[in-house]
Amino acid sequence: MKAYKHRNRYGDIHTFTPTEDGNILWEGNFEYSRYGWTGSLDAVNMVDPSGGPYIAQGELSSMIHPDIKGKTVSHFEEITEVIDEEERAVAYKIILVD
């Protein structure tokens with residue numbers, strides 16, 4: 001499966017790439033984002049970058065990538081890099097469940 005690109009309302013491009021383990025790699029601009037966590041703060045369960053797209057636990061995979069059907073979002077794993085001496089989110093692995 002190939003990557004799916006989404007342009008948000010501010011013109012930022014977000015890319016959703018299926019991974020070999022059956023999840024989705026989400027790359028885009030996360031500089032100004034809102035987040036939600038599970039009650040125990042163990043896992044991120046909602047990501048809302050400025051301009052969208054808002055994605056949360058329970059969302060259907062087909063709403064994120066049209067070729068991935070029959071799964072839902074479980075949680076997100078943050079991927080970070082050090083930029084200007086500050087650790088920042090540069091991508092998220094969207095963990096899917098059946």
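Which residues does Ile-94 touch, not counting residues up to four places away in sequence? In this predicted model, Ile-94 touches Phe-16, Asn-23, Ile-24, Trp-26, Ile-55, Ile-64, Val-73, His-75 and Phe-76, where contact means heavy atoms within 4.5 Å.

## Basis of the model

Residues are numbered from 1 along each chain as its sequence is written, and side-chain values use heavy atoms, with hydrogens and water left out. Because the model is predicted, local features need pLDDT of at least 70 and side-chain atom pairs count only at pLDDT 80 or more, while totals for chains, interfaces and linings use all residues.

## The nonpolar core

Ile-94 is also among the residues with the most contacts inside the largest nonpolar core, together with Trp-26, Ile-55 and Phe-76, and this core has 15 residues. A nonpolar core is a set of buried Ala, Val, Leu, Ile, Met, Phe, Trp, Tyr and Cys residues joined through side-chain atoms within 4.5 Å; buried means under 20% relative accessible area, exposed over 50%, and partly exposed in between, with a 1.4 Å probe and protein chains only.

Two or more residues of this core come from each of strand S3 (24-27), strand S5 (44-49), strand S7 (72-83) and strand S8 (86-97), and S8 gives the largest share, 4 residues. Strands (E, at least two residues) are DSSP runs, numbered from the N terminus.

## Aromatic pairs

Rings of Phe, Tyr and Trp (its six-membered ring) pair if their centres lie within 6.5 Å, and planes under 30 degrees apart count as stacked, over 60 as edge-to-face and the rest as tilted. By this rule there are 8 aromatic pairs. One of them joins Phe-76 and Tyr-92 edge-to-face, at 6.3 Å centre to centre and with 90° between the planes; the pair links distant parts of the chain, with Phe-76 in strand S7 and Tyr-92 in strand S8, 16 residues apart.

Phe-76 counts as buried because its relative accessible area is 3%, and Tyr-92 is buried with a relative accessible area of 0%. Both belong to a cluster in which ring pairs link Phe-16, Trp-26, Phe-30, Tyr-35, Trp-37, Phe-76 and Tyr-92.

## An exposed loop residue

Glu-20 lies in the loop between strand S2 (13-18) and S3, and counts as exposed because its relative accessibility is 88%. Glu-20 and Met-1 are 19 residues apart in sequence and 10.0 Å apart in space, C-alpha to C-alpha.
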